[in-house]
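Colleague: I have a model open and would like to learn how to read it. Could you take me through a few features?

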Amino acid sequence: MRNGVQNDPLSQIKYTNTISLPIPPKILRENRVIMGLKDDPRSDLFRVLRTNILKQLRENGWNNFFVTSATQGAGKTLISLNLAIAIALEGNQSVILVDADLRKPSLARNLGIECKFGLVDYLTGIVPIEQVLINPGIDRLVVLPGKYTKNNFSELIASPKMANFIDEIKSRYESRIVIFDIPPLFVADDALLFMSYFDAALFVIEDEHNTKDELQHAMTILEDTNLLGVVLNKSKLPAPSYKYGYGYGYGYGEVNRAAVRS
Ligand SMILES: Nc1ncnc2c1ncn2[C@@H]1O[C@H](COP(=O)(O)OP(=O)(O)OP(=O)(O)O)[C@@H](O)[C@H]1O
Ligand SMILES: [Mg+2]
């Protein structure tokens with residue numbers, strides 16, 4: 001146990017304390033959680049993404065990042081989830097994926113689970129952490145889903161409670177990767193408030209969904225953030241699919257050209 005955290009409930013948590021809720025393959029398939037399935041050919045995309053991201057995290061001594069996009073619906077939650085599973089399957093480290101999109105939580109829906117409580121319930125003291133940590137039936141993976149509750153989100157994100165929670169979750173286990181699925185950059189100030197808590201970011205673009213100005217504005221917001229990469233999601237470009245299916249790994253100029261709405 002680290003100094004100074006003896007009284008923090010998070011310090012008591014071991015993976016055995018989590019709620020075990022194995023997700024049936026049918027649900028994973030229906031919800032496009034392909035990394036949770038055996039031998040889905042599309043999972044290679046996430047293996048490439050995983051390798052690239054882990055390399056950067058290791059080289060820089062980082063263990064956490066957030067996933068965001070410019071606007072809603074780009075695929076942040078789905079990509080965070082598939083990536084989290086891909087990292088957990090690698091076997092060298094555990095992963096915690098936190099649904100920090102407080103206004104529009106959707107991790108539970110993507111996993112096909114009904115959760116009674118979520119991150120906000122823990123942060124506001126309604127339930128202890130044990131009641132919001134779920135193991136979805138994949139070794140080394142814990143998810144912390146969200147559940148919508150009426151709150152002042154900006155104040156909650158900027159609160160000492162949130163800061164302590166994130167600090168604690170990042171430093172609890174050396175070999176654990178922490179992924180936060182946060183709101184889009186252009187929705188309220190939530191993403192801006194979250195950004196400073198993390199080492200790095202992964203940016204998701206929905207192909208042909210944003211204008212050039214929107215993407216440029218997003219890049220300006222992320223200027224001071226360590227960008228691990230950009231995922232071009234829902235791409236309609238043809239094969240070679242490993243390069244284009246999720247379009248991961250392009251420089252910004254390339255992404256800009258490929259992703260801009262015509
Ligand atoms: N590559 C893909 N191919 C097909 N459908 C996809 C793909 N990625 C995401 N989707 C679908 O698009 C919708 C939005 O995805 P998701 O919820 O992951 O986006 P999001 O960026 O988290 O959205 P929000 O901003 O609302 O949180 C979902 O219905 C999801 O299943
Ligand atoms: Mg989402």
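Modeller: Gladly! Let's begin with burial: of the 262 residues in the protein, 39% are buried, where buried means 20 or more other C-beta atoms within 10 Å of the residue's own, exposed means 12 or fewer, partly exposed lies in between, and C-beta atoms are placed from the backbone. Keep in mind that this is a predicted model, in which local features need pLDDT of at least 70 and side-chain atom pairs count only at pLDDT 80 or more, while totals for chains, interfaces and linings use all residues. Residues are numbered from 1 along each chain as its sequence is written, and chains are lettered from A and ligands numbered from 1 in the order in which they are written.

Colleague: How many helices and strands does the protein have?

Modeller: Helices (H or I, at least four residues) and strands (E, at least two) are DSSP runs, numbered from the N terminus. Here there are 11 helices and eight strands.

Colleague: Which residues come nearest to ligand 1?

Modeller: A residue is near a molecule if its backbone-placed C-beta atom lies within 6 Å of it. Ligand 1 has 15 residues around it, and Gln72, Gly75, Lys76, Thr77 and Leu78 come nearest. Helix H3 (residues 76-90) gives the largest share of that shell, three residues.

Colleague: Where is Asp39, and is Asp39 buried or exposed?

Modeller: Asp39 sits in the loop between helix H1 (25-30) and helix H2 (43-60). Its phi is near 60°, a positive value in a residue other than glycine. Asp39 is exposed, because 5 other C-beta atoms lie within 10 Å.
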